[in-house]
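Q: I have just opened this one and would like to go through it with you. Could we take it piece by piece?

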Amino acid sequence: MPASSAMRLSEGAATRLRFPLRLKLGSLLSSSETGLKASHFRRPWLAAGLLAPQLLILLFFFFIPTWKALSLAFVQVDPFGATMIFVGLDNFTTLFSSPEYRDSAVLTLWFTTVQCFVTLFVACLFAFATDQVMRGRAIYKGVILLPYAIAPAISGVLWAFLFNPTVGPLAQILDELGYAWDPNRRPSDALLLVSVAAIWKHVCYDYIFLVAAFLAVPASVIEAGAIDGAGPVRRFLTITLPMAAPTIFFLIVMNFVYGLFETFGIIDVITHGGPAGSTNTLVYKVYQDGFRQLDLGSSAAQSVVLMAIAVLFTVLQFRAVERKVNYQV
Amino acid sequence: MVERHIWLSLFCHVVLLIGAAAVCLPLYFAFVAGSLTVGEVQQVPFPLVPGDHFVENTVTAWMEGDFGRLYLNSIIVTVGIVVGKLAVSVIAGFAVTYFRFPFRMTAFWLIFISLMLPVEVRIIPTYEAVADAGGPLRSFFGAIGLTGFLASTTGYQLDAALQWNMINSYGGLILPLIASASATFLFRQFFLTVPDELCEAAKLDGAGPLKFFRDVLLPLSSSNIAALSIILFLYGWNQYLWPLLFTTEKEMYTAMIGLKDLIPVADAQPAWHLAMAASFFVMAPPALVILLMQRWFTRGLVDSSK
């Protein structure tokens with residue numbers, strides 16, 4: 001063994017021994033060992049260089065914008081943009097007392113909840129069926145996965161065409177059945193159309209995870225259930241589904257995130273938030289108020305509310321992932 | 001092996017057939033519409049079999065929307081996002097797992113806090129940041145007096161040099177979408193599972209950190225990189241909100257925005273045949289990726305949420 005590497009090794013051992021002492025100086029400064037490889041390098045400047053691109057991009061496109069949104073939410077800018085007055089929580093009280101914002105919040109809650117559970121139910125049904133069949137499984141999987149490749153905006157275009165009141169083939173069928181379908185005028189039709197497009201696009205995501213989760217249930221447990229006389233449906237409900245519960249919890253969180261933040265393209269293509277604000281979700285409203293109405297104070301306050309929701313969901317998501325790691329067999 | 005029920009099996013096939021049909025129905029009607037003429041597309045009832053104008057409509061839509069240029073834009077932006085994000089995050093992940101340095105935990109938390117906020121909630125402030133990327137630097141140099149100092153001593157106008165408007169630029173379309181730590185987090189998780197002996201052995205053989213990274217860690221991560229680049233490709237190609245905000249000139253549109261412009265508005269001629277034909281070539285690249293690389297894609301997706 002060359003002398004230099006032996007020295008380097010003993011140096012590493014010494015650091016590990018010295019570590020508890022250095023911790024007292026302040027864990028931030030000394031860098032704790034959490035998530036550090038036991039065998040590591042000690043070249044601070046090289047590390048700084050490797051981290052620099054990531055940190056610079058985050059500084060300019062994450063921290064500064066976030067800071068701006070936070071600070072703008074507590075000030076009032078005069079129409080000429082010359083002065084800023086600190087107004088405390090005024091922007092928020094105005095926001096929460098505005099009936100439009102409340103309508104949008106209620107609508108978003110409805111839309112995301114319905115979208116979340118319908119998507120999950122449909123995906124669960126498909127995944128159960130996929131788990132049961134032998135023949136043609138790969139083909140079914142391939143086809144059902146396909147919408148993952150399709151952008152929300154394109155899903156919007158496809159469904160906007162299918163249910164277009166003048167040319168859409170499905171709208172014509174509804175017309176013949178005696179229902180005067182018109183998403184451009186009737187709010188409930190518009191909301192239904194947006195929901196269908198959103199669900200159609202997202203079932204594949206839940207499906208991928210559920211198929212993997214159902215497949216991970218050990219065959220021995222299923223066989224034990226079969227020997228005890230449980231039929232396929234009973235086995236699914238009392239064995240497979242509970243064992244997949246962490247995945248399902250994770251998917252509920254992810255579905256809410258999708259419904260809240262990623263349905264922008266669908267709404268923008270199909271309805272533009274109309275008619276009469278019936279599909280104006282919180283994210284679409286930030287865009288409308290900020291870029292169409294140019295009401296920056298209100299839109300910054302709305303951004304902050306959305307940030308709070310996003311942080312909440314991220315925490316839930318981490319919880320879900322932890323549970324997945326802990327309980328999955 | 002457990003027993004099989006013929007009826008259950010049948011039921012499951014029916015369910016899956018319905019599912020497959022529900023996926024294909026909109027695509028089939030889009031294909032039919034894309035193969036008709038403008039007169040045929042408006043007839044009632046809507047035709048159930050495709051016409052023979054699909055190629056013609058595709059060419060018309062491609063020309064009308066100048067999709068040659070938009071496709072190129074989409075490719076540049078998508079490749080920029082995939083390569084940029086992978087490069088930035090693999091070295092950042094390497095730094096936080098394999099290096100011991102002051103403020104390591106601070107750097108760690110600065111990076112991982114960005115997992116909290118998706119770009120959609122920062123729409124307006126990020127727009128400002130991209131419209132005026134030099135702004136923070138200007139106010140910083142102004143505050144420390146460098147701007148005034150340079151102007152009075154050398155006559156150099158620092159403020160003017162720091163006017164970076166990234167609207168309608170590839171940088172503006174790419175950089176904000178790279179500003180999230182999801183991939184860094186993924187690489188960190190993977191590096192933590194790499195056996196310590198590899199690094200010890202590399203050190204014994206006298207390899208420095210960069211050599212270890214290039215010759216040991218990167219080859220080990222190749223399958224992770226492949227799976228992640230597929231997910232990032234789909235993410236980049238399917239972007240809608242960002243290009244919508246950051247492009248005002250038609251030359252800088254992406255294919256997705258070009259498609260949006262082809263959708264007939266209420267009072268115009270209902271040229272749905274062109275929009276539908278165009279939607280096929282806009283969704284073709286990600287669809288091909290999913291069909292041809294299904295295994296990698298499923299793996300990347302399930303992995304990237306861990």
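Q: To start with a detail, where in chain A is the place of A:Ala276?
A: This is a predicted model, and in it A:Ala276 sits in the loop of chain A between helix 13 (264–270) and helix 14 (282–292).

Q: And is A:Ala276 buried or exposed?
A: A:Ala276 counts as exposed, because it has 12 C-beta neighbours inside 10 Å, and a residue with 12 or fewer falls in that class.

Q: What about its backbone, what is the phi of A:Ala276?
A: The phi of A:Ala276 is positive, at about 55°, although the residue is not a glycine.

Q: Which residue of chain B is also not a glycine but has a positive phi?
A: B:Phe103 is such a residue, with a phi of about 65°, and it lies in the loop between helix 3 and helix 4 (104–112) of chain B. B:Phe103 is partly exposed, since 16 other C-beta atoms lie within 10 Å, a count that falls between the limit of 12 or fewer for exposed and the limit of 20 or more for buried.

Q: Let me step back to chain A as a whole. How many helices and strands are there?
A: Chain A has 15 helices and two strands, and of its 329 residues, 43% are buried. Among the contacts in chain A with a separation of 6 or more, 68% are between residues 24 or more positions apart.

Q: What domains does the assignment give for chain A?
A: The domain assignment gives domain 1 (49–88) and domain 2 (93–327) of chain A, and their centres, taken over C-alpha atoms, are separated by 32 Å.

Q: How many residues does each domain bring to the contact?
A: Six residues come from domain 1 of chain A and six residues from domain 2 of chain A. On the domain 1 side, the elements that give two or more residues are helix 3 and strand 1 (75–77) of chain A, and helix 3 of chain A supplies the largest share, three residues. Sorted by class, this side of domain 1 has five nonpolar residues, one polar residue and no charged ones.

Q: Now the two chains together: how many residues are in contact?
A: The contact brings together 88 residues of chain A and 98 residues of chain B. On the chain A side, the largest share, 18 residues, comes from helix 3 (residues 44–72) of chain A, and the residues of that side divide into 63 nonpolar, 19 polar and six charged.

Q: Switching to chain B, how do helix 3 and helix 9 cross?
A: The axes of helix 3 (residues 67–98) and helix 9 (residues 170–178) of chain B come within 9 Å and cross at roughly 40°, so these two helices of chain B are oblique to each other. Helix 3 of chain B passes helix 9 of chain B in a right-handed crossing.

Q: Which residues meet there?
A: Helix 3 of chain B contributes residues including B:Ile76, B:Gly80 and B:Lys85, while those from helix 9 of chain B include B:Tyr170, B:Leu173 and B:Ile178. By class, this contact between helix 3 and helix 9 of chain B has nine nonpolar, two polar and one charged residues.

Q: And how about helix 1 and helix 16 of chain B, at what angle do they cross?
A: The axes of helix 1 (residues 6–34) and helix 16 (residues 272–292) of chain B cross at roughly 125° and come within 7 Å, so this pair is oblique. Helix 1 of chain B passes helix 16 of chain B in a left-handed crossing. The contact is made by B:Ala30, B:Ala33 and B:Gly34 of helix 1 with residues of helix 16 of chain B, among them B:Trp272, B:His273 and B:Phe280.

Technical notes: Residues are numbered from 1 along each chain as its sequence is written. Chains are lettered from A and ligands numbered from 1 in the order in which they are written. This is a predicted model: local features need pLDDT of at least 70, side-chain atom pairs count only at pLDDT 80 or more; totals for chains, interfaces and linings use all residues. Two residues are in contact if their C-beta atoms, placed from the backbone, lie within 7 Å. Helices (H or I, at least four residues) and strands (E, at least two) are DSSP runs, numbered from the N terminus. Ala, Val, Leu, Ile, Met, Phe, Trp, Tyr, Cys and Pro count as nonpolar, Asp, Glu, Lys and Arg as charged, and the others, Gly among them, as polar. Axes are lines fitted to C-alpha atoms, for helices over the stretch in contact, and angles run from 0 to 180 degrees between N-to-C directions. Angles under 35 degrees count as roughly parallel, over 145 as roughly antiparallel, 65 to 115 as roughly perpendicular and the rest as oblique. A crossing is left-handed if the near helix is turned anticlockwise from the far one by less than a right angle, and right-handed if clockwise. Domain bounds come from an automatic or database domain assignment.
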